[in-house]
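Please open the model in your viewer and keep the selection tool at hand.

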Amino acid sequence: MNTESSDSKAAEPSRTPLLVKRTVIAPDEGDGGSSSSSSSATPLLVLTTLVAVSGSYVFGSAYSLFGSILTIGAMMGAAVSGRIADYIGRRGTMGLSEILCITGWIAIALSKVPVYIAEITPKNLRGGFTTVHQLMICCGVSMTYLIGAFVSWRALALIGIIPCLVQVIGLPFIPESPRWLAKTGRSKECEAALLHLRGKNADISQEAAEIWEYTETLRQLSEARILDLFQRKYAYSLIVGVGLMVLQQFGGVNGIAFYASFIFISAGFSGSVGTIAMVVVQIPMTALGVLLMDKSGRRPLLLVSAAGTCLGCLMTGFSFYFQDLQMWKAFTPILALVGVLVYTGSFSLGMGGIPWVIMSEIFPINMKGLAGSLVTVVSWLGSWIISYAFNFMMDWSSAGTFFIFSSICGFTVLFIAKLVPETKGRTLEEIQATMNPF
């Protein structure tokens, strides 16, 4: 059912054109003169981000069917996380997530970390700060690879509790999302949170006015339901958000991550050496993506990243192809190693984190909880399919598996070039009003 009734349209005839006009013009005016566009990284903003992403660290690595079961639990958590985030807030949801995570890491999927960080950061810093979430996941996976070589799995499980405790202890000391506070009508708390995040001497008047204007417009709409997401006005956001998540997963990332050691051994290379090489590549490339996010923009990084994953899968596929033909036996293991490292480094640069950044930016706040849950469920469903099917695909044809992944990554380049918007340097309200005009 369409939530926009004829009565509500008649009652507010001028609000939508005014908001759209304002948000279209704003990006051309430059960043000067706007407190929201020139804000710096205050100590509280940095601390808040670190507390928020502490839980991201606990994502580890797994093997075979166990790896695919992990994604099923995460998918179930994602299905309900949107509603929880809307009712008790982003901060409250992360706290609930980590309490459950201590007894079972699967519940980490309840946390709306990218959405929370996107809502608390100024537009000139939002991309880099939101991608710290992916950097912490990368650090968690990488450290698990390294530490797991020296300690038992029981010790690894206990180590995973530490960042959860850090987040639970730190949550009372960080502010709630100003946009969520505005949505729930808590104006004084919204302004106080903004002032804390931007610095006590910062001028938050323009940013607060933009948030309230947008929130008041959203207030005219009925409470969002899951079917409302499939209205025509949200089609663009849904195609971009769901499309990026599907292509991210079906490019083979979790199959390669879960079975990295198996891939190297199958290619005739040392599994342990190859895995350590992946760790060495992942962290600096993810960190580079964080640094470039708000300088080069989302689209250029995504295009380079997707093209790199295409090349990496192509190289790995040719390695297995030549191996099947009994050609260049001394060369094929090195080609497989280089291919996997090119894939891993390229994925870490952009495709790993930027889809989550864009997902947190393109949906209006009244739909963000439901849309975030839907997109996250799609991501975990794709992750489960790939991680479960990877072994069967490799048994069918190792070369064919990577050629398929390479083709999907190549299609991703086209998808990004044609459909994904550039969101760098624009407020959430500007992005959402141009993508989802009321």
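A residue is called buried when its relative accessible area is under 20%, and exposed when that area is over 50%. With this in mind, select F402 and F405 in this predicted model: F402 is buried, and F405 is buried as well.

**The pair in helix 19**

Keep both residues selected and display their rings. The ring centres of F402 and F405 lie 6.2 Å apart with the planes at 85°, so this pair is edge-to-face; the label applies because the angle is over 60 degrees. Now colour helix 19, residues 398-419. F402 and F405 are three residues apart in this helix, a separation of about one helical turn. An α-helix has 3.6 residues a turn, so residues three or four places apart point the same way.

**Other aromatic rings**

Across the whole structure, a search finds 15 aromatic pairs. One of them joins Y321 and F322, a tilted pair with 5.9 Å from centre to centre and 55° between the planes. Is Y321 buried or partly exposed? Y321 is partly exposed, at a relative accessible area of 38%, whereas F322 is buried, at 15%.

**Along helix 15**

Select helix 15, residues 298-324.

**The nonpolar cores**

The largest nonpolar core contains 56 residues. Select I263, I358, F402 and V420, the residues with the most contacts inside it. Then centre the view on I358: leaving aside residues up to four places away in sequence, I358 touches V240, L244, R298, L302 and V420. A second, separate core has 17 residues, among them L125, F129, V132 and L171.

**Confidence**

Finally, colour the chain by pLDDT. The average is 76, and 75% of the residues score at least 70. Where is confidence highest, and where is it lowest? It is highest in helix 19, at 96, and lowest in helix 2 (residues 15-25), at a mean of 32. Select residues 1-37, where the pLDDT is below 50; this stretch has 53 contacts in the model beyond near neighbours in sequence. Residues 63-69 also have a pLDDT below 50, with twelve such contacts. Where pLDDT is low, the predicted coordinates should not be read in detail.

Key:
Residues numbered from 1 in each chain as written. Predicted model: local features only at pLDDT ≥ 70, side-chain atom pairs only at ≥ 80, totals over all residues. Heavy atoms only, no water. Phe/Tyr/Trp six-rings, centres within 6.5 Å; stacked < 30°, edge-to-face > 60°. Buried < 20%, exposed > 50% of the residue type's maximum accessible area, 1.4 Å probe, protein only. Helix = DSSP H or I, 4+ residues; strand = E, 2+ residues; numbered from the N terminus. pLDDT = per-residue confidence, 0-100. Contact = heavy atoms within 4.5 Å. Expected span 1.5 Å × (residues − 1). Core = buried A, V, L, I, M, F, W, Y, C linked by side-chain atoms within 4.5 Å.
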